[in-house]
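Reader: Hello! I am new to protein structures and would like a close look at a single part of this one. Could you take me through a sheet, its strands and what packs against it?

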Amino acid sequence: MFEYFDYAASTPISDIVLERMQPWLQHNFSNPSAAHSYGKKAYDAIEGARAIIADKIGAMPSEIIFTSGASEANNLAIKGIAFKYIEQKGHIITSSIEHKCILNCCAFLEKIGFEVTYIKPNNDGLISIESVFEAIQPNTILISIHHVNNELGCIQPIADIGHIAFDNNILFHTDAAQSFCKLDIDVDTMNLDMFSLSGHKIFGPKGIGALYIRDSRESGLIPLIHGGGQELGLRGGTYPTPLIVGLGAAVENFPKTPNQLQYEFEKSIARYTFLRNGGTNVVPTIWNITFNNDDEVKRFTHNQSWLISQGSACNAMSNIPSHVLTSIGFDEEKARRTFRISLPPYHINDELS
């Protein structure tokens, strides 16, 4: 019997989310942009989901732009601002342990003339506010630092970074795919100008996410996908009504009951000798652990039939150490003794086992 412990990579759709999506898959299938009554019903369902997400973070519904997921949202945030400055270019601050989609996005912008500073974390994976402040240049146009690292689970001081960005009149974006619904987020108190989220990290469907954009109508963000004017012209394409409804339902019904599995897991893992990485300020559901030696790794892999990752799922097909682990000082040998175990944050009635 295998135990699925890779919830940081993807979660199942909960029963209530699937139930809310079902009518929009076959019965209420109309295009939400259509002028007739069926289209109006679909449009209203989408706006209802938008309002749920906005209320969760203290935003206005018009500031929520639906995307295909967090990767697209991250690209829209970073490239959308960069393309606004395409003639004069500019400077972007990020970290060396961001999700690969952000690092690859920044690498692309470097190729066309932008300057990017990649801040290295400390040995626990934390980005210091001092390093962010010191990286600021007169032409800095954007700071993008993730909220929770997807491999280590460490929580970045984004409220403090947000204050630095605000005081220096620099836009601040955070990738909140691993923290949305699991940690409190308020866009005003954290001085967030943009943040990205994903449905399949919170018991919602794959293929849907969103980007919060402060004052979206006045943002001047350059769209990546041009279409028929959907999403204030910032993201074209026919609205995927079932996915958007599912995302709204996932946010509205995100479970609150602590999972007994956490306690059972801690008893089970205590049989082995390892070091938990990420420091003390980590989310309880992500355990990045390094076993002391190869014998302990063999004992673990022989005794446990857990479905887990070495690094993030995005790196799973690669035969090179995770960029996150090398950024915090791991050599290849130590990285290969390191595993990410990620638990469901709360109990759901269709929990996998």
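Author: Happy to! Let us start with an open sheet of three strands, which run in the order β9-β10-β12 with antiparallel pairing. Strands β9 (274–277) and β12 (338–342) are at the edges with a single partner strand each, so one side of each has no neighbour in the sheet. On average, neighbouring strands here are turned by 30° against each other, if direction is ignored. Please keep in mind that this is a predicted model.

Now look at how two of the strands meet. Five bridges join β10 (residues 286–291) to β12 in the antiparallel sense. To find one of these contacts by eye, look for Ile286, whose bridge partner in β12 is Ser342. A helix also belongs in this picture: α8 (residues 260–269) packs on the sheet and touches β9, β10 and β12. The direction of α8 makes about 5° with that of β10.

For another helix, turn to α7 (residues 241–252). Among the buried ones are Thr241, Pro242, Ile244 and Val245. The elements covering the buried residues of α7 include the helices α1 (15–26) and α2 (37–57), along with the strands β2 (64–67), β7 (194–198) and β8 (209–213).

Notes
Residues numbered from 1 in each chain as written. Predicted model: local features only at pLDDT ≥ 70, side-chain atom pairs only at ≥ 80, totals over all residues. Heavy atoms only, no water. Buried < 20%, exposed > 50% of the residue type's maximum accessible area, 1.4 Å probe, protein only. Helix = DSSP H or I, 4+ residues; strand = E, 2+ residues; numbered from the N terminus. Contact = heavy atoms within 4.5 Å. Pairing = 2+ DSSP bridges. Axes fitted to C-alpha atoms, helices over the stretch in contact; angles between N-to-C directions.
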